[in-house]
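Dear colleague,

Please find below the structure that I am handing over to you. My notes on what was found in it follow directly after.

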Amino acid sequence: MNETGGRLRRTWIARLGPRGEVDLDRAASPRAIVEDAVARFGADPVRWAIELNSVVLRRILGEVPVLGGSPAAVELLRRGNEATTLRALFTLAEGPAAAPPTGEAILAGIREFVHRAIPLERVLHGVRVGHAATTEAFLRACAELVDPEEAVDEVTAVSRELFSYVDELSDTMIRTYLVEHEVWSTSAAAARADLVRSLLSDATAADVDEASGVLGYNLRRTHEAVVVWSDSPKGGATLQAAAIEVLRARGATTTLVIPVASGRLWAWGTVPPDGTDESDATNGAHSPGSWETITEALSRQRMRAAFGTPGSGVAGFRRSHREAERGERVERLRREAGRAPRYATAYADVAAIALLATDLDAAGDFVRRELGGLAARGAPMEALRTTLYHYIGAERSLVDVARRLHVARGTVTYRVKRAQEVLGHGLDDRRFALHTALALAEELGDAVLLPRDVER
């Protein structure tokens, strides 16, 4: 037994331990709280709680995906749920009074949900899912670690205490949500966000000039939309500055920025139809900044952005935004596939992949059917796919492919021959379908190479 066990109300708490490897440095909670918990219970129970948080988080997002929304929003949810789990651990081990002050981490997510217009019932659904999963884990551990003759009474007591803890927490969360909602609903930021969401819906019948006045942004002009996000919860001002910077680099003369989640925002810039700065449109003195410049600015701030194509009026405002979100989705799928990150993504460059991956299950079925054995995982098969993809795209130029992949011409020849052997047919039999399947595999990896229900 852990030597701290003698100080605990429930000594079995000290014998909790994770099933896998858990690094305490990966905890979402402040280091001081983690170190305090380790000092009281030992490292293994804290690792168990961190591991449990990961399991519960996946279950919450699986049942209530709207609570996610961005990597930073998921991280905020992870932080709040881990605080909830650690408080439950403290409560069971030493009593409610011993729990550290983790309320801010828990309630920060509630304020986030209000600003994202997530209904209270969805928030409470997430709370119930998390409570059920957490309680299940504590009760299972209790039944395993407590002497059989004491297990029934102990399980009953643990269940009662956890119910009381979550009931009180839920009341606090509801009060926080309602107070924040009242404040937010009367703010100018909320009015702007609500109006933009209305404009983005096909059912909107808003007066364009009136809406432009409220937003301080001319909706009758030509717009380029961008979605900017970060993997960590960054301040809204930092994200806003980045959005304005990249839109200015694209030639925007005015901008509109709408925060939508922690570490994520929508933005638009008014741009001339021909891509030149309107202030110099008569003499062509200015053109939009290069993508290299925009990429450098985003990488410096560790942010990513996906751009739509320019469109005019409210219809263009809406379409460009949809394209930016599709570009963002492609980048998220690429990240899940382990592909190198692209800091700036232009929808025009990924439109085909975005459309083909709209139904990811169907896209995966298509890729695996067209590639056959070439869809197998592993570095050797990936090298064959990549080489064949570029070979078809380069109109079978060995020199171009060798230069692009930094390999010898003989290597290209061997890989192409081997890929055809695996395919079992020539490259001209279904050339378009083959190249399309290879493009999807190249961009999205396991997202289309593996059935969705297979562990990645």
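**A strand and its neighbours**

From strand E1, Thr222, Glu224, Val226 and Val228 point one way, while His223, Ala225, Val227 and Trp229 point the other way, and all are buried. Here, buried means under 20% relative accessible area, exposed means over 50%, and partly exposed lies in between (1.4 Å probe, protein chains only). Strand E1 covers residues 222–229, and eight of its eight residues are buried. Strands (E, at least two residues) and helices (H or I, at least four) are DSSP runs, numbered from the N terminus.

Before you read on, please note that this is a predicted model, in which local features need pLDDT of at least 70 and side-chain atom pairs count only at pLDDT 80 or more, whereas totals for chains, interfaces and linings use all residues. Residues are numbered from 1 along each chain as its sequence is written, and side-chain values use heavy atoms, with hydrogens and water left out.

Which strands pair with E1? Two strands pair if DSSP finds at least two bridges between them. E1 and strand E3 (residues 264–270) are antiparallel and share seven bridges; in this pairing, glutamate 224 stands opposite glycine 269. E1 also runs antiparallel to E4, with four bridges joining them, and valine 227 has alanine 306 of E4 as its bridge partner. Strand E5 (residues 311–312) is joined to E1 by two bridges, again antiparallel, and there histidine 223 is partnered with glycine 311.

**Aromatic pairs**

The structure holds five aromatic pairs. Rings of Phe, Tyr and Trp (its six-membered ring) pair if their centres lie within 6.5 Å; planes under 30 degrees apart count as stacked, over 60 as edge-to-face and the rest as tilted. Phenylalanine 41 and phenylalanine 90 form an edge-to-face pair, with 4.9 Å centre to centre and 65° between the planes. Because phenylalanine 41 lies in helix H1 (residues 31–41) and phenylalanine 90 in helix H3, this pair ties together parts that are 49 residues apart in sequence. Both phenylalanine 41 and phenylalanine 90 are buried.

Tryptophan 291 and phenylalanine 307 also form an edge-to-face pair, at 5.0 Å centre to centre and 75° between the planes. Tryptophan 291 belongs to helix H10 (residues 291–300) and phenylalanine 307 to strand E4 (residues 304–307), so the pair ties together parts 16 residues apart in sequence. Tryptophan 291 is partly exposed, with a relative accessible area of 29%, whereas phenylalanine 307 is buried at 1%.

**Pocket and cavity**

On a 1 Å grid over the protein atoms alone, a cavity is a set of points where a 1.4 Å probe fits but cannot get out, and a pocket is an open set with protein on both sides within 12 Å along at least five of seven lines; lining residues have an atom within 4 Å of a point.

The largest pocket is lined by 42 residues, with Pro71, Val74, Arg332, Arg335 and Glu336 nearest its centre. Helix H11 gives the largest share of this lining, ten residues.

The search of the whole structure finds one cavity of 30 Å³ or more. It is lined by 24 residues, and Ile60, Asn81, Thr84, Val127 and Met173 are the closest to its centre. Helices H3, H4 (103–115), H5 (120–145) and H6 (148–185) each supply at least two residues of that lining.

Yours sincerely

Technical notes: Points joined across faces, edges and corners; volume = space filled by probe spheres on them.
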